[in-house]
Structures are given as structure tokens and as C-alpha cells.
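Here are some notes on the model, in the order in which I would go through it. Please read them with the coordinates open.

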Amino acid sequence: HRLKKKASNNLKKRARICIHKNTNEKTNEMIIALNKKSFIAPHIHPNKKSESYYVISGKMKVYVFDKFGKVKKIIKMGSFSSGRNFYYRMSKGFYHMPIATTKWCIYHEVYTGPFIKNIDVKYPSWSPSEKNKDEVKNFLKKIKFNYV
């Protein structure tokens with residue numbers, strides 16, 4: 001409940017609890033509360049670092065794009081009891097975007113550290129800015145995103 005409350009009060013409508021001591025750790029682990037009004041821009045993690053998602057509650061879709069912004073696949077995720085994929089791991093860099101399809105999606109994320117934001121997260125030119133609501137709306141329409 002505290003994590004959802006923290007996310008509700010956050011402008012980006014998401015929040016995390018870091019389990020790792022600091023971003024220099026070899027493994028970065030987080031519990032993330034993602035609201036369905038939140039938008040995480042498509043991004044890639046270069047340097048062949050792996051990232052995994054384990055859904056604890058709620059549902060989300062993970063969009064995987066090619067380098068030109070074409071949707072390559074959509075992983076429909078949910079908690080174990082949902083019957084959907086509850087675990088997904090990317091072993092090498094793909095442009096991707098997790099997006100909640102229920103009011104809240106709570107998930108455990110593991111990322112190969114250390115994490116240095118300006119090196120480990122790259123946004124493509126075709127990705128809308130998280131701050132521009134119109135660009136985001138048009139982008140979601142273009143990729144035919146819906147909350148099912």
C-alpha cells in the first residue's frame with residue numbers, strides 16, 4: 001500500500017523500492033509500482049546487460065520494438081495466478097517499454113549493474129518524450145495500445 005501511495009503522489013505515477021544498496025552493485029533489484037496512467041518511454045540498455053520482470057500483482061504488457069520503432073512482439077504479463085506470463089527476461093538489448101494494463105502493476109525488476117543512467121538507458125529518436133502528453137497519446141494510438 002505504501003508503494004502505491006508513493007506512486008500516486010509522484011508526477012510520473014510510479015515508484016520503486018530498491019533492494020540493492022546502491023547502483024554500483026552487480027545486481028540491481030527493485031519492487032516497482034506502475035500505474036496505468038504512467039508512461040515509460042521506449043528505451044534500450046546497451047552493453048549487453050540483462051533485465052527481468054516478475055509480476056507480483058496486476059497486469060502489464062511489455063512492448064519490444066526494432067530499431068526503427070516497429071513493434072516486434074508484445075508480452076502480456078500478469079501475476080502467476082492470472083495465467084499470463086509472470087516472468088520475462090531480456091538477455092540482450094532490445095528497445096522495450098513496460099506499460100500497466102490494470103490500475104496497478106507491481107513487479108520485481110532485476111537489472112545487471114552497475115547502473116549509470118546516461119550510459120545504461122538510451123532513448124530512440126522515434127520515442128515520444130514522457131513529458132509531452134500529446135506525443136505519448138499519439139504514440140500509443142500508433143502502436144495500437146489498449147488496456148486489454
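1. Buried means under 20% relative accessible area, and exposed means over 50%, with partly exposed in between. The model is a predicted one, and the points below should be read with that in mind.

2. Ser 127 lies in the loop that runs between α2 (117–120) and α3 (133–142). Beyond its neighbours within four places in sequence, Ser 127 has contacts with Ala 41 and Pro 42.

3. Is Gly 93 buried, partly exposed or exposed? With a relative accessibility of 31%, Gly 93 is classed as partly exposed. This glycine, Gly 93, is also a loop residue, placed between β6 and β7. Setting aside neighbours within four places in sequence, Gly 93 is in contact with Ile 44 and His 45. The C-alpha atoms of Gly 93 and Pro 46 are 5.6 Å apart, while the two residues are 47 residues apart in sequence.

4. The largest nonpolar core has 16 residues, and the members that touch the most others are Tyr 53, Met 60, Val 62, Met 77, Tyr 88 and Tyr 107. Two or more residues of this core come from each of β2 (27–35), β3 (51–57), β4 (59–65), β5 (71–78), β6 (87–90) and β8 (104–112). There is also a second, separate core of 14 residues, with Phe 39, Ile 44, Val 136 and Ile 143 among them.

5. Which residues does Tyr 107 contact, leaving aside its neighbours within four places in sequence? The list comprises Met 30, Ile 31, Ile 32, Leu 34, Ile 40, Tyr 53, Tyr 54, Val 55, Ile 56, Met 60 and Pro 98. Tyr 53 and Met 60 in that list are, like Tyr 107, named among the core members that touch the most others.

6. Which residue of β5 is the bridge partner of Tyr 63? The partner is Ile 74.

Methods
Residues are numbered from 1 along each chain as its sequence is written. This is a predicted model: local features need pLDDT of at least 70, side-chain atom pairs count only at pLDDT 80 or more; totals for chains, interfaces and linings use all residues. Side-chain values use heavy atoms; hydrogens and water are left out. A nonpolar core is a set of buried Ala, Val, Leu, Ile, Met, Phe, Trp, Tyr and Cys residues joined through side-chain atoms within 4.5 Å. Buried means under 20% relative accessible area, exposed over 50%, partly exposed in between (1.4 Å probe, protein chains only). Helices (H or I, at least four residues) and strands (E, at least two) are DSSP runs, numbered from the N terminus. Contact means heavy atoms within 4.5 Å. Two strands pair if DSSP finds at least two bridges between them.
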